[in-house]
Amino acid sequence: MSKEPILKVSHLNKFFKVKKRKLIEEKKYVHAVEDVSFELYEGETLGIVGESGSGKSTLARTILGLIPSSGGTVEYKGQNITDFKVSNSKMLRSELQMIFQDPYASLNPKMKVGSAIAEPMLINGQAKNKEEARQKVKELLQMIGLQPEVYDRYPHEFSGGQRQRIGIARALAVNPKILFCDESVSALDVSVQAQILNLFNDLKEKLHLTYVFIGHDLAVIRYISDRIMVMYLGKVMEIAPYDEIFDENTHPYTQSLISAILEPTTEPNAERIILEGDIPSPVNPPKGCRFCQRCFKAQPKCFEEEPELIPVSADHQIRCHFAKVGENK
Amino acid sequence: MATIVEFKDYSMGFKDDDGVVFNLLDQVSFKVEEGRALGIVGESGCGKSMTSLSMMRLLPPSAVVQGGEILFQGRNLLQMSDAEMEKVRGKDISMIFQEPMTALNPVLTIGFQIGEALKIHEPSITKEEQQKRVVEVLAEVGISNPETRLNQYPHEFSGGMRQRVMIAMAVINHPILLIADEPTTALDVTIQAQILDIMKKLKGTGGLVVVTHNLGIVADICEEVVVMYAGRAVERGTLKAIFDHPLHPYTQGLMASIPTTKSEKKPLHTIPGTVPTVFDFKEGCRFADRCERCTEECRKKRPPLKKVGDDHLVQCFLPFEGEEIVHE
């Protein structure tokens, strides 16, 4: 891991306007992503976890410029690439790629999978002509564990796991440096999920990739990630190395997520923390700490004052009034 | 302990447009005892949902029952008339469906939809009594302000709340057998924990069948497990037997391929290939193509059912210590 961050996100915001229902009404916004800052280092995997509605996917889409940001900056290798309003955006876009959640919905059913993978190559100039593209696609298919003969088949002829492999191949077609994987293994069966997770790790080593891995299954995220970022209602609650996330000194929200993991063992579970209620509306987020309404440790202070991200050790930050500084190993 | 439901060599399949029948469930046998929870686990396409729909007699029109019996308190569900079945369905046997978003009617209030389940089985019930029972059951599944919420429509509820409504609808008649088909798949982990907590409280009165692909859920609420693969119950027994000493290569592979909170950062165990579809099922062991320990014999004949220990059955040719062949 190098010390210079490959991607630096500073105070990134994304608000969506809420449609007015009356003529005279205060403008309201959905606070989807608010004040998110993190650094991504070359060769690492950053896992992002949180419940649905916590802004994980919106964050990835805003970084990639798929939706315009509402504030803050994104720097890639020292260059400001916020919203991709830069002259070399085409080249940059090919270096930051996304693998989507639903392999069924993200492939064109009328397009042969080979052509679907070759298209970005031709557009971005990774291949000069169709012949060269065909050759490169076949190499790529072999690398991700499919037969080169599948080039001329259509998406419906593949199973879920194979389609996810095709989605990965299409993202890899333009030689990316950073891959954003949005719930890329959530829709897969257990035995296939393990195959794809292993594939991600192999590719990372072979192609020197950096991953941002979004998911809701903390056991999977812990397995694949070097560092884990926990989000709640658009804000970062905690960033920690994977082996510190199960320690005592973590955010109460992280603790409740961990306690909700169902392990396939017959060992008795520790007392489960069951959170009350649902994630609140991001239109009117709570005044104090975002998590105060559901927190089992909440004190009056939490409802009044929003905590800052407090560094508790070298690469561990917690947004909680009760985080203990300097107690981690 | 009384047996609530028992599958005896039940087989079913699907017929295509030409009337050719493709077998899916092949001689599935298991039973659910009173006060116990059975988990049916398997990957997509293994027939676990068809097993639960068979108990409700809600199979799609193209399904064909090929043999066997489903005994509910000693009566064969497969031989009941439609009128008899209507009396059982929703009263003695009820089901929590997979997707609360699609299973609820968007233009009717929650109160009406839950009350309907009650009214059908107790036509003489008064309006006041019906309302009272609905409020009670909503409170039981953890919905606050049930009196006001019962006049609301499904879109006013969050995913977890809709799932609670589904549970309320299923338990209002105090069923003897409750079937939950992937009850928490669409939910967040924190909401999943809430729902499982409710289901644990409801369990114990009758039998519970939980159909899921998540082994963690089974470990959490079930006492007995049936592992299904491609329409066959490849292994069954108590939770402890299956989870601590899995015998079938498929069960072993499945357990090893799940990342846990303690797994090391080395490659995960994988089962090569994918689950076969109903059109590719072969005469021999259906797992043979993906099995590391497959022999010639596995591809030719269906594996025998063996009893290993007191509460553990496995369908495999591999030799196990202390095995006893139940049937070939």
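User: How far apart are the end C-alpha atoms of H8(B)?

Analyst: Quick caveat: this is a predicted model, where local features need pLDDT of at least 70, side-chain atom pairs count only at pLDDT 80 or more, and totals for chains, interfaces and linings use all residues. Residues are numbered from 1 along each chain as its sequence is written, while chains are lettered from A and ligands numbered from 1 in the order in which they are written. Helices (H or I, at least four residues) and strands (E, at least two) are DSSP runs, numbered from the N terminus. With 14 residues at 1.5 Å a residue (expected span: 1.5 Å times one less than the number of residues), H8(B) should span 20 Å, which agrees with the distance between its end C-alpha atoms, 20 Å.

User: Which helix of chain A do the buried residues of H8(B) pack against?

Analyst: Buried means 20 or more other C-beta atoms within 10 Å of the residue's own, with C-beta atoms placed from the backbone. In H8(B) the buried residues include B:Ile191, B:Ile195 and B:Met199. Within chain B they pack against H7, E7 and H9; over in chain A, the partner is helix H8 (252–259).

User: Which element supplies the largest share of the side of chain B that touches chain A?

Analyst: Counting contacts as C-beta atoms, placed from the backbone, within 7 Å, 39 residues of chain B are in contact with 32 residues of chain A. H8, H9, H10 and H11 of chain B each supply at least two residues of that side. The largest share, 7 residues, comes from H8(B).

User: Why do E6 and E11 of chain A each have one side left without a neighbour in the sheet?

Analyst: Strands pair here if DSSP finds at least two bridges between them. The open, mixed sheet of chain A runs E6-E7-E8-E3-E9-E10-E12-E11. E6 and E11 stand at its edges, so each is left with a single partner strand.

User: What is the bridge partner of A:Leu46 in E9(A)?

Analyst: E3(A) covers residues 45–49 and pairs with E9(A), residues 227–232, in the parallel sense over 4 bridges. Across that pairing, the partner of A:Leu46 is A:Arg227.

How values were computed
Contact = placed C-beta atoms within 7 Å. Buried ≥ 20, exposed ≤ 12 C-beta atoms within 10 Å, placed from the backbone.
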